[in-house]
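Thank you all for coming; I would like to walk through one structure with you this morning.

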Amino acid sequence: MNALRDIRRRLVAAVVPIAVCVGALAWAGRGNETDAGASDASKAAEHFDKHVAPLLASRCLECHNPNEFKGKLDLSAKGAAMRGGENGAVIAPGDPDESLLWQYVEADEMPPKKPLADAEKEILRKWIAAGAAWGTDPIDRFAYTSDARAGYDWWSLQPVRRPVLPDAKSADVRGAIDRFVAVKREERGLVGSREAERRVLIRRLTFDLLGLPPSPDDVQAFAADASPDAYERLVDRLLSSPHFGERWGRFWLDVVRFGESDGYEYDKLRPNAWPYRDWVIAALNEDLPYDEFVAQQIAGDVLRPGDPHGTVAVGFLVAGPHDGLKPAGEVMLKIMRQDELEDVVGVIGQTFLGLTVHCARCHDHKFDPIRQVDYYRLTSAVAGYSHGEREMPAAASAAAVDALIAAAERRIRELEEPARRRILARRGADDDKGDEPLAALRPLAAWDFARGLDDLVGNADGEASGSAAITDRALRLDGKSGFVATAPLERDIREKTLVAVVTLDNLQQQGGAAISIQRVGGGAFDAIVFAERDLGRWMAGSEGFARTKPFNGPEETDASLRPVQMAIVYRVDGTIAAYRDGKPYGEAYHGGPLQTFPAGKTQLLFGLRHSPAGGNRLLAGAVHRAALFDRALSAEEIAALARDASAIVSSDEILAQLSPDERRLHRDLNDEVAALEKQRSKLKKQAVYTCVPQPGGVAHVLVRGNPQQLGQVAAAGGLSTLRGVDADFGLAPDAPEGERRSKLARWITDRNNPLFARVMANRLWHYHFGRGLVDTPNDFGFSGSRPTHPELLDYLAAEFVRGGFALKQLHRSLVSSATYRQASTVADDAPKADSENRWLWRKSPMRLEAEVVRDAMLAAAGELNAAMGGPGFHDFRAYVHRTTQFYEPLDVSGPDVQRRTVYRTWARGGRNPFLDTLDCPDPSTTTPKRSVTTTPLQAMAMWNNAFVLRMAEKLAARVAREAGDEPEEQLDRIYALVLSRPATDDEREVLGDFVEENGLAALCRVLLNSNEFMYVD
């Protein structure tokens, strides 16, 4: 080869002088060729950009760029490339053989690990031979994907496009999801499995959506339900359960590494961190759109000023560990602050974008097209975040509980509205009247005095005093001694609407009330009062006229002749508005702060302004109907109520219209509301651990990540890598901290962000199927897995965006697919080529997570305390030794600690040995995928742990109570509670003798240790 090169050099030496002479002779005619030369240069530059630059970027620039600079050679820019490296020039334009670059490439010495293919070599040789003309300068080394890194053309960075649905030959196709899956299976010669049996499906679905076992009654009902939509109705019921948020909130807390202590050396407890956990659960139960769910966690306090929910939501930013020990010296403080910023940028990037953005802190990302300056733009966006507590007013400290209550009540309304519509339609209430609002009217309490004094909806039954009596289908009041007082209300009342249909004995009376809500004893009240101040006019009565102003409505003229409906609405902003017979009465006014009425200390009065009775506080007349709503009704709803006297539907009527499944859910939801109201009444003004913003300051790019070496200024912005979303926030480097976070929130949640929907769709798939379409849920970059079904992932993401980021609809689509409903059994002729089931020819069995094992044992034993929300329980003893917090694990029992495990206090140093053994994740780090190990320690814990032994005893006691002394019935009951199926004949034969010899608790212990309990088929 050296001899050939020598010959080539001699030929070049001989030819060049001739070429020079020819060039000189041609010079005279060159002027006419100027335009042609420019055109040639343009074509050469275009050729470079199209062919040579991608080759250099993908095969050479990984080692030869301004940062790496191996051999002191940078091939990313024309000037640097022509200067060469430590061995001198590497490119001789027009002469490949004189070019060191070509010599190394031709000899397969560069690139060292994977030499260029012949076609790639030819591109490089011809380019040098043609003069090595350059195009775009410098080459963007991020522009193209190589064997060593991702470029802008990386799959996950491309816009989401809804693919065309493929044609699948498989018969087991229910919808679009199944088409994509079936095509991939068919390409590999695989066939899907049959649909699982009904008992398997309800157990799978209930554990999957709720993290709890189905009740034996639910299993029996579903197995016997032959209706074609039985499965779909089961899905809807489970998605509406309050336990849904508890199950899926736990997964979210894994990803955001939520913990309730600081970690590090001192590991100080965070007793007020739990509201963030409750907010997540409530948001998922309410089906808060995912884009809003995320935006509130980044900037809820800015996007929703004054709303305590937003302040609680930004607890996401401080959910991770925090070193409370500040180092000595300014330099170490700066380094610590940069560590904190890296942590929060890292969790934002991995959680919402599936990118390891934090790896660009010291230099451009090694594997993904993320520049160092982009990393510092993101740190600028969150530069003001800080750990701490905010003092919250009483209403705000209950924000998370309020959200849980609101979510439960919304689901109650959704259950009741169809039933209410049917009842109203039968009554003719809606016929030709356009009274659509009637079906949505659900009072907290209501009375039709033609039927008596009992509350038609709740438990606020009335008791008559003095001369009050039911006569002529109305409550008669003489204005001297007669009134009715109800039992105390079971929940707090804030925003509200009072309604009464009343007839007055005379229009000269002053001060009596048709309906009043008061704190027991009359210290505070709001009432519909007649003429206390303005003769002949209605007013909103209150203690000492604290919230009373004239409505300036017309003088009453008809109430002595016919029943008149009066309604007063008390809105959360302090506005008070009155309506007479469905029309506005006078003008609304601002009455000052809303008066609240606490549960257990509040009652309704009819015919009495407030206690005690006497004076001008009593009404002379008749009250026909009355209602209390725990919200501010709209003008349209009040008008509809006034048009039809039959609009109030009793609870008994509604329950009669519900199916058994709906009645069970209705009961559970009402129990949940009652428990939450009780909990809320105990909440005091308190601090909440959340983000406490500080001035952000001006951020700089730090040279090699060193806070002592400031580079260029970095204004808040996003990743320039992403196409379709503008990375420029349009903010000055010193923009207010809140503006930066709010812009970041909107940039991340932009519907055109190609990663936002893809990442979340993949997370849900991962949790439902045990493996994501991308097997690295937190990393969609070069170091992560490639998607097994890229078209399916894009379809799910596109549908997610098109559906308004509705999470429950995405859940519904996944669990309703034939792919999800497949059996998990493996036949003898099962495919060997796909033992990991990546192509989804069956439903992979999934082991219960540690928390679900504990919760399922509690549920089976009948010991689960379903109370939601509030401070977590402690299964450790916290103590301080030499300024450091320590946590000693304890074996505790009793209702307070037998709540769902998500309500455990997750101190980073206060680990639970039983849960840890079963792969419960460490809250100090993000856990997008839980480990599933099988170890001897797990077998020992499941067999010997005191909790398991206690639950086995409790389960045996429950079975003895519910099944009596008959062994076969006991066996069936145990199997139904633990495994959701009856025992087989063989099991009865073997286990009957076992129970007789070892006792019922021993059998319970065995079944709780069985694989069938621990795994969901």
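Arg882 is exposed, with a relative accessible area of 72%, where exposed means over 50% relative accessible area, buried means under 20%, and partly exposed lies in between, using a 1.4 Å probe and protein chains only. This is a predicted model, in which local features need pLDDT of at least 70 and side-chain atom pairs count only at pLDDT 80 or more, whereas totals for chains, interfaces and linings use all residues. Residues are numbered from 1 along each chain as its sequence is written, and side-chain values use heavy atoms, with hydrogens and water left out.

Staying with Arg882, its phi is near 55°, a positive value in a residue other than glycine, and it sits in the loop between β21 (876-881) and β22 (884-889). The strand and helix names come from DSSP runs, numbered from the N terminus, with helices being H or I of at least four residues and strands being E of at least two. Thr883 is found in the loop between β21 and β22, and this residue also has a positive phi, of about 75°, although it is not a glycine. At 57% relative accessibility, Thr883 counts as exposed.

Two other loops hold a cis peptide bond. One runs from Met110 to Pro111, with omega near -10°, and Pro111 is in the loop between α4 (100-106) and α5 (118-129). The other joins Ser611 and Pro612, with omega about -5°, and Pro612 lies in the loop between β15 (602-606) and β16 (620-629).

Let me step back to the protein as a whole. There are 32 helices and 23 strands, and the C-alpha trace spans about 130 × 80 × 70 Å along its principal axes. Of the 1017 residues, 54% count as buried. If we take contacts, meaning heavy atoms within 4.5 Å, between residues at least 6 apart in sequence, then 69% of them join residues at least 24 apart.

Now to a buried helix. Nine of the 10 residues of α15 (residues 372-381) are buried, so this helix is largely enclosed by the rest of the structure. The buried residues include Gln372, Asp374, Tyr375 and Tyr376, and what covers the buried residues of α15 includes α14 (330-353), β18 (699-702), β19 (710-714) and α21 (737-748).

How do α14 and α15 meet? Their axes come within 10 Å and cross at roughly 95°, the axes being lines fitted to C-alpha atoms, for helices over the stretch in contact, with angles running from 0 to 180 degrees between N-to-C directions. The two helices are therefore roughly perpendicular to each other, on a scale where under 35 degrees counts as roughly parallel, over 145 as roughly antiparallel, 65 to 115 as roughly perpendicular and the rest as oblique. In this contact, Gln338, Leu341, Glu342 and Val345 of α14 meet Tyr375, Tyr376, Leu378 and Thr379 of α15.

Helix α21 has another partner to look at. The axes of α12 (residues 290-303) and α21 come within 8 Å and cross at roughly 165°, and that makes α12 roughly antiparallel to α21. Among the residues in contact are Ile298 and Val302 in α12, and Leu744 and Ile748 in α21.

I will finish with the aromatic residues. The structure holds 36 aromatic pairs, counted when rings of Phe, Tyr and Trp (for Trp its six-membered ring) have centres within 6.5 Å, with planes under 30 degrees apart called stacked, over 60 edge-to-face and the rest tilted. The rings of Tyr276 and Trp279 have their centres 6.5 Å apart and their planes at 20°, so this pair is stacked. Both residues lie in α11 (residues 274-285), three residues apart, about one turn of the helix. Tyr276 is buried, with a relative accessible area of 2%, and Trp279 is buried as well, at 4%. Phe530 and Trp538, by contrast, form an edge-to-face pair, with 4.9 Å from centre to centre and 65° between the planes, and Phe530 and Trp538 are both buried. Finally, Tyr276 and Trp279 belong to one aromatic cluster, whose members also include Trp252, Phe258, Tyr290, Phe293 and Phe316.
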